[in-house]
Amino acid sequence: MYLNAHSCYSLRYGLIRPKELLELYQGLGYEQAVLTDINNTSGCLNFVRLASKYGIRPIIGIDFRKGIDQYYVAIARNNEGFEEMNEHLSEHLTQEQRELPVEPPRWEHCYVIYPLDRMPDRELLDYEYIGIRHTDLNRIKLRTDLPEDRLVMLRSGSFRHRDDYNLHKLLRAIDLNTIYTKVTPDDYAQADDLYLSREELLESYDGWPAIIENTQRLLDSCSIEFDFDSSRPKNQETFTGSVTKDVKLLRRLCRDNLRYRYPEPTDEIVTRIEKELKIIIEKGFVSYFLINWDITSYARTRGYFYVGRGSGANSIVAYLLQITDVDPIELDLYFERFINLYRENPPDFDIDFSWKDRQDVTQYIFDRFPHTALLATYNTFQYRAAVRELGKVFGLPKEELDMLTRGKPVFSQLDSLSKLVLKYASLLQGLPSHLSVHAGGIVISERPLQYYTATFVPPKGFPTTQFDMVVAEDVGLYKFDILGQRGLAKIKDGIRLVRENNPTDEPIDIHDLKRFKQDERVKELLREGKAIGCFYVESPAMRMLLRKLRVDHYLGLVAASSIIRPGVAQSGMMREYIIRERQPERRRDAHPVLWDIMPDTYGIMVYQEDVIKVAHYFAGLTLGEADVLRRGMSGKYRSREEFDRVRDKFFSNCKQKGYTDKLASEVWRQIESFAGYAFAKGHSASYAVESYQSLYLKAHYPLEYMVATINNGGGFYRPELYIHEARMCGATIHAPCVNTSDYTCYIKGRDIYIGLGFVHGVESDFAHRMVRERGFRGVYADLIDFVERTRIGLEQLCTLIRVNAFRFTGMSKKELLWKAHQLLNKTQKPKVEQARLFRPQPKEYQLPTLELEQNEEAFDQIELLGFPLCSPFELIDPEEPSSEIMARDMERYDGRTISMVGYLITVKETKTKKGDRMNFGTFIDRQGHFIDTVHFPPVARQYPFRGKGMYLITGKVVQEFGFYTMEVSAMQKLGYITDPRFNEKSYNINGRQFSSRRRKTLKAR
């Protein structure tokens, strides 16, 4: 008979998950139960969905509070009441955080319960009640102003036991960002907000039967129901307003676009179209396709690049509607992965846009469709983060926090406070901390979203649900994935730079995939794995795979895009696929049934639909059961009972078919490995299209494409490597220049100027301003002209001088720094200069020759750009050990132990099956070529990486499928030469003695 009950979705307050709360209610003898989280509805739908399993009749509401201060509790009489209170909470949870009113608006379908101390100073409306805590009972005995028929029980339920209460107080301290001793009783709940048995709860109101009866009557009048049949989607039902018109429009679009996609359509194509349309119409997915078509049509009118992927890429209807660019006939894409009569949810479309265009597309969707929201995710406390948060609450010093989070502390050797931190961190682990936003999920509902949830507005600026994707799908709301990526922006900017830098060249049709597939330069890049900067194929692992496979065709890249995924790689089938690709005689190793099911991949499961095929044809599962496996391997429902039932049927069917236990277990092991999110073939094919587009630009216009890559945040690697790659392709790299550089990198011919926005210490707004000023009034004549026109401060001016951005003046950096201090007093802010006819001349000094020492430029660049523009090998201390063996020499040393010097590019940390840490390293040698290394656990422990820089690496050269790596046995980080900027020199200027120190300023002795 609780009217105020909290779960863990009373964020940083409650502790009990909705499922655990239902189990608790059941054990305490309740037949109906309430959930009223604080300003939150995240747990409501799951609470309602699961309640019947525990014999509980669910009732939901919201505990409206400002901080810890309770204003009122709202209980939904029905679904309309839940919608009313969600609308009210949504108005409060806006980006501006509107003040919560002390009284709610007038409602028709809700009950409102005020705490005794918040009782309105007016006559109560017919749906308003006064909540009486058990501690209030003595206070109300002599009150004559309280209407007896409006008094209800308001004892809160928040905790199961003392540990919950202690953890609650710690959560409150975390929420308030303070130490435990500064949290006051006003900041947390009362210790007796415990969940009691029904008998104990009623006993606490003994002698007050009217209050108990009023409470029971209120609860009995409430009823909440949701349709959790996910086979009936609750998304917007029609696109045109009529199902019939929707079907006509979909058929017309397919008919109108048929010749565009297939100039000579075959019977196979027409049959496939009709088969898909029949099932799409029968399953009620027509509006889903039309909405995706509308979104992509808008993008095309705006000139936005996009890639449609996901299982929907297996659809010929999606191909005709230009939602995707993958031809399912050419690729023989498995129709049943995309859709079948047993599949309950709509096919999955992930539509990638440029990170620059995505915001506008999202705004269009919100403007176009009335009932739209982003999907939330639950950010949960991870163990190490929980240890750190609790350590701060307990006031532990940073050194102890680092020891607890980074080391492996022995519990018995810790002091009492550290033990408490670890104890409560384990209890806190996995609980929701705050709501965040799904990477790209958008729901478009037939009903207002507030029918299901309150919404909040995060910094992205769009209303967002308070539940996640799984809960949304439970209630039949399927998401549209509108994602942003930098690869498309790189392609779009690359085409623009090609046009600007090569105005006489023929324009590039970036959608001419047929041409790209046949291009010999593209094939060469694929075979050799020379794809730095190219979408999805540039990582060290992908470079290794491409070199081992030696594929140079589209289908080979499609397969490579999927077998690189953890599911295939970890099962050992990636290696088996390479063997069967390189050694055709080994293809006979495949089981005959598996070979018949998957001849294109040599009997090896590579794509998600392969699991459906194997489950259906090999193990005899229905397509519906196979789809359960497919969803389970993606991690969505793996813990649910249905997955276990299908697993048992898989093995029983295999036994009936006469397969050995060993074979059945091996095939199941391969299926289980796909929990690492293998791709659908259409999804991989969509990725391969974008890969080919970027490979074509890299093959024919490498400099322009590298500039586009750098300007869009790079990719897998740091910007330094893309600068290096441009240099390897023949570019001349220039430091930033205030008269030539733009905010981003600029290319002219084969010259690339680093952008002013890349200089550490130069504010973004100022960098943009100096470029705009130059465009408006012309190049800067000299340092004085620059200072007067941009109103720059001394610190940023010195930074630009040190990065050599004023080299056009012909003056040395030290002379310029001296002049900068003359022009600007460090203690004064730059003033707005009025236009003047004559520029006042500053006092001139006779300066000595201020020389720049060798390599001083490189150290300035390391500090201000993050990397030197010269070869880092030039900076190695000559006293350090060296080696003349280069990456191209590794073939001659196969099987032998050698030493090499490499500049560290990236490190991948992973774990063995035993849980031991190991590393994969990527270096470049003095000639600029890659060295790939493997660091097994003993070596990783003894010779850890120590940050960026040069390393002497020693190990055995090993080769697999023609790809050479080093199995490292020892590693030493090499020192650089002494930073020459620390060297002190003396100068005599106008009879006074000065010295130069670091930062190149001249200080009087």
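View 1. I351 stands opposite I482, a residue of strand 15. The model is predicted: local features need pLDDT of at least 70, side-chain atom pairs count only at pLDDT 80 or more, and totals for chains, interfaces and linings use all residues. Residues are numbered from 1 along each chain as its sequence is written, and side-chain values use heavy atoms, leaving out hydrogens and water. Strand 10 (residues 350-354) runs parallel to strand 15, with 5 bridges between them. Strands are DSSP E runs of at least two residues and helices are H or I runs of at least four, numbered from the N terminus. Two strands pair if DSSP finds at least two bridges between them.

**View 2. Strand 15 with strand 12.** Strand 12 (residues 432-444) pairs with strand 15 in the antiparallel sense over 3 bridges. Here I442 has F480 as its bridge partner.

**View 3. Strand 3 with strand 2.** Strand 3 (residues 57-66) is mostly covered, with 8 of 10 residues buried. V34 is bridged to I59. With helix 2 (residues 44-51), strands 2 and 3 make a right-handed β-α-β unit: with the strands pointing away from the viewer, the path from the first strand over the helix to the second runs clockwise.

**View 4. The hairpin of strands 3 and 4.** Strand 4 (residues 69-76) runs antiparallel to strand 3, joined by 6 bridges. I62 has A74 as its bridge partner. The hairpin leaves 2 residues between the strands, and G67 in the turn has a positive phi of about 65 degrees.

Conventions:
Buried means under 20% relative accessible area, exposed over 50%, partly exposed in between (1.4 Å probe, protein chains only).
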